[in-house]
Amino acid sequence: MKTMTDCIFCKIVCGEIPATEVARSKRVVAFRDVNPQAPSHLVVVPTRHVADLGSFAEIADDGEIAELLRTAAQLGRRVGPGGYRVVANEGADGGQTVFHLHLHVLAGRHLTWPPG
């Protein structure tokens, strides 16, 4: 598992790696995915390093959780007026490849179900 020093999302949050940011606050950063899976594909991350959703749910306060979800919803409505999907992958079997909690906001095309 990655630590803060080698975590790509931590490096984006602190500006070591450039990203096309679409939103930033003290607790949340959102940016365009470099490997988009839909015409609009954004990634929303907490600014502090937390490995996954389960860990975040255990340690985050209600305000931090609300801000992460609110940011994803606001961006989803902006990029997907006809609808959007928010995805959080947890663990290797769940498809997580970067072990820093992140929400994918996908929009801009008809999204089918089941996803994978």
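Neighbours within four places in sequence set aside, His-104 is in contact with Asp-33, His-41, Leu-42, Val-43, Arg-85, Val-86, Val-87 and Asn-89, where contact denotes heavy atoms within 4.5 Å. The model is predicted, and local features need pLDDT of at least 70, side-chain atom pairs count only at pLDDT 80 or more, and totals for chains, interfaces and linings use all residues. Residues are numbered from 1 along each chain as its sequence is written, and side-chain values use heavy atoms, with hydrogens and water left out.

His-104 belongs to strand 5, which covers residues 103–107; helices (H or I, at least four residues) and strands (E, at least two) are DSSP runs numbered from the N terminus. Because its relative accessibility is 12%, His-104 is classed as buried, the classes being buried under 20% relative accessible area, exposed over 50%, and partly exposed in between, with a 1.4 Å probe and protein chains only. The side chain of His-104 forms a polar contact of 2.8 Å with that of His-41 and another, of 3.4 Å, with that of His-102. A polar contact is a pair of N or O atoms within 3.5 Å; within protein, one must be able to donate a hydrogen and the other to accept it, and residues adjacent in sequence count only if both atoms are side-chain atoms.

On one flank, strand 5 pairs with strand 3 in the antiparallel sense over five bridges, and Val-44 stands opposite Leu-103. Strand 4 likewise pairs with strand 5 in the antiparallel sense, over four bridges, with Arg-85 opposite Leu-106. Two strands are taken to pair if DSSP finds at least two bridges between them.

These pairings are part of an open sheet of five strands, arranged in the order 1-2-3-5-4 with antiparallel pairing. Strand 1 (21–24) and strand 4 (84–87) are the edge strands, each pairing on one side only. On average, neighbouring strands of the sheet are turned by 15° against each other, direction ignored; axes are lines fitted to C-alpha atoms, for helices over the stretch in contact, and angles run from 0 to 180 degrees between N-to-C directions. Strand 1 is joined to strand 2 (residues 28–32) by antiparallel pairing over three bridges, and Glu-21 stands opposite Phe-31 in strand 2. Thr-20 lies in the loop between helix 1 (8–13) and strand 1, and counts as partly exposed because its relative accessibility is 49%. Beyond four places in sequence, Thr-20 is in contact with Ala-30, Phe-31 and Arg-32.

Helix 3 (residues 62–79) lies across strand 1, strand 2, strand 3 (40–46), strand 4 and strand 5, and runs at about 170° to strand 3. Its 18 residues reach 26 Å from first to last C-alpha, close to the 26 Å expected at 1.5 Å a residue; the expected span is 1.5 Å times one less than the number of residues. The buried residues of helix 3 include Glu-64, Glu-67, Leu-68, Ala-72 and Val-79. Their cover includes helix 2 (53–59) as well as strand 1, strand 2, strand 3, strand 4 and strand 5.

The largest nonpolar core has 15 residues, of which Val-44, Phe-56, Leu-68 and Val-105 touch the most other members. Such a core is a set of buried Ala, Val, Leu, Ile, Met, Phe, Trp, Tyr and Cys residues joined through side-chain atoms within 4.5 Å. Strand 2, strand 3, helix 3 and strand 5 each supply at least two residues of this core, and the largest share, four residues, comes from helix 3. Apart from this core lies another, of 10 residues, among them Cys-10, Val-29, Val-43 and Val-45. Not counting residues up to four places away in sequence, Val-105 touches residues including Val-44, Ala-72, Leu-75, Val-79 and Val-86.

In the segment after strand 5, which contains Pro-114, a cis peptide bond joins Trp-113 and Pro-114, with omega about 5°.
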